[in-house]
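Let's take a look at the charged pairs in this protein. The structure comes first, then a short tour.

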Amino acid sequence: MQPISLKDFLPALCARDLVVQIAGHGGLAAGTATLGRVRGAMGHALALSASPEALAGAPCPYDPPCAYDLFHNPQGALNPGFELPKPFVLRADAQGADLTITLRLFGAACDWAPEFRAALIAGLRGGLDLGRAGRVPMQITAVSHAQLTASPPPAGGAGFAHANPDHPAPARRSRGAGPRSRLAADRICQTRQGDRAVARLCARSARGGAGRGAARRPPGRCGRTAGAGAGGTKPRPGFSGRIAFSAPPPELRRLLTLAEALHIGADTTIGAGRVRLTPLG
């Protein structure tokens with residue numbers, strides 16, 4: 001295996017969006033458990049064509065392997081106890097009163113796009129568990145797909161917004177931050193996970209030469225989100241915020257571009273770690 005630079009990796013990145021539009025249910029886009037339920041429905045559909053070995057957690061012997069193997073089973077590990085991330089992320093957005101679900105495949109998973117597409121549609125049509133309303137079939141009105149092109153933002157200032165998708169809100173610029181390296185946040189969860197994530201982003205900007213001095217984290221409020229689990233829901237820490245970079249160097253811009261395309265951190269397959277890059281000014 002040959003190493004590849006970020007400069008060469010971005011043009012070679014294979015990423016494909018499968019987008020499903022659903023009539024009504026736009027309010028589910030902000031739900032804390034929506035994408036966990038979508039993921040579960042898609043997984044059940046993929047399991048119907050999976051090999052017995054893949055269902056048992058072992059490598060799939062089919063040639064090519066079943067999509068369930070990529071969807072559910074570990075594909076290797078970076079370090080003991082830390083498996084390679086799954087090659088897909090999910091997103092939910094409201095389009096007026098309607099709901100849009102985006103399944104983004106990347107890497108080898110792009111070769112299984114037809115299987116993933118069929119499972120996503122079948123899972124949604126089979127219905128999502130909406131609590132007291134029970135299992136509600138989703139009425140699909142449109143399905144589309146697009147190839148994703150990851151292009152770094154142009155030279156100059158860039159805003160990097162990290163938001164828990166369950167609590168979307170515009171960030172506010174904090175007072176007292178330095179003029180060149182600024183961190184603004186509407187809600188930042190006062191948890192170890194949230195503090196470490198923000199600290200890493202700030203430290204990365206300083207090491208990359210984005211500005212003198214460290215960006216400061218303003219006071220925030222702690223919040224917890226609920227994720228789908230075997231028993232219904234389980235609490236997860238969450239936070240949202242913004243980091244502003246003044247003239248970030250090319251390597252940092254490429255890293256931020258990857259973050260925008262593939263999300264960052266844990267639970268990306270249920271929508272977490274979604275970020276957005278915006279030019280400043």
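## Salt bridges, one by one

Arg254 is buried, with a relative accessible area of 16% (buried means under 20% relative accessible area, exposed over 50%, partly exposed in between, using a 1.4 Å probe and protein chains only). Its partner in a salt bridge is Glu251, which is partly exposed at 41% relative accessibility. Both sit in helix H7, three residues apart, so about one helical turn separates Glu251 and Arg254.

A quick word on the source: this is a predicted model, where local features need pLDDT of at least 70, side-chain atom pairs count only at pLDDT 80 or more, and totals for chains, interfaces and linings use all residues. Residues are numbered from 1 along each chain as its sequence is written, and side-chain values use heavy atoms, with hydrogens and water left out.

The structure holds three salt bridges, each being a side-chain nitrogen of Lys or Arg within 4 Å of a carboxyl oxygen of Asp or Glu. Here they are:

| Pair | N to O distance |
|---|---|
| Glu251 and Arg254 | 3.0 Å |
| Asp17 and Arg104 | 2.6 Å |
| Arg274 and Asp93 | 3.1 Å |

Asp17 and Arg104 are both buried.

Arg274 lies in the loop between helix H7 (250–262) and strand S14 (275–279), while Asp93 is in strand S4 (residues 88–95), so their pairing links parts 181 residues apart in sequence. Arg274 is partly exposed at 22% relative accessible area, and Asp93 is partly exposed at 23%. Helices (H or I, at least four residues) and strands (E, at least two) are DSSP runs, numbered from the N terminus.
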